[in-house]
Amino acid sequence: MNHTPTPWKIESGINPTWILFDEKTSTTIGLIGDIPNSNSNDIDYEEQRGNAEFIVRACNGWNDVTKLKARIAELEDAQ
């Protein structure tokens, strides 16, 4: 499965939504925010921003994590 290439970043949208988008092309990838009229507890604005930032950091760092994992495996195999 393919995904939008990183790096991603966030920008504030219509309160209280955060927009995730491709930094290179400014293409919208997704939205983070409350679901109106849902049965879930409302998540406040700062937590929504924190969730969006967490997702972007995780996605942007994933390639480095997989490269590090491969390097560790190489070192373990060399022993």
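Which residue's side chain meets that of Arg-71 in a salt bridge, and what is the N to O distance? The partner is Glu-74, at 3.0 Å, N to O. Here a salt bridge is a side-chain nitrogen of Lys or Arg within 4 Å of a carboxyl oxygen of Asp or Glu.

A quick word on ground rules: this is a predicted model, where local features need pLDDT of at least 70 and side-chain atom pairs count only at pLDDT 80 or more, while totals for chains, interfaces and linings use all residues. Residues are numbered from 1 along each chain as its sequence is written, and side-chain values use heavy atoms, with hydrogens and water left out.

**Layout.** The protein chain has 1 helix and 3 strands, running β-β-β-α from the N terminus on. Helices (H or I, at least four residues) and strands (E, at least two) are DSSP runs, numbered from the N terminus.

**Salt bridges.** The count comes to 2. Besides the pair above, Arg-49 forms a salt bridge with Glu-53, and their closest N and O atoms are 2.7 Å apart. Arg-49 and Glu-53 sit 4 residues apart in helix α1, so about one helical turn separates them. Glu-74 and Arg-71 lie in helix α1 too, 3 residues apart, again about one turn. As for cover, buried means under 20% relative accessible area, exposed over 50%, and partly exposed in between (1.4 Å probe, protein chains only).

| Residue | Relative accessible area | Class |
|---|---|---|
| Arg-49 | 30% | partly exposed |
| Glu-53 | 28% | partly exposed |
| Arg-71 | 44% | partly exposed |
| Glu-74 | 47% | partly exposed |

**Core.** The largest nonpolar core has 7 residues: Trp-8, Ile-10, Trp-18, Leu-20, Ile-32, Ala-52 and Val-56. The elements giving two or more residues to this core are β1 (8–12), β2 (18–22) and α1 (45–78). A nonpolar core is a set of buried Ala, Val, Leu, Ile, Met, Phe, Trp, Tyr and Cys residues joined through side-chain atoms within 4.5 Å. Leaving aside residues up to four places away in sequence, Ala-52 touches Ile-10, Trp-18, Leu-20 and Ile-32, a contact being heavy atoms within 4.5 Å. In soluble globular proteins, nonpolar side chains tend to be buried together.

**Whole chain.** Of the 79 residues of the protein chain, 14% count as buried. Among contacts with a separation of 6 or more, 32% come from residues 24 or more positions apart. The protein chain exposes about 6,400 Å², with carbon and sulfur atoms supplying 53% of it; accessible areas come from the Shrake-Rupley method with a 1.4 Å probe, and for residues only the protein chains shown count as cover.
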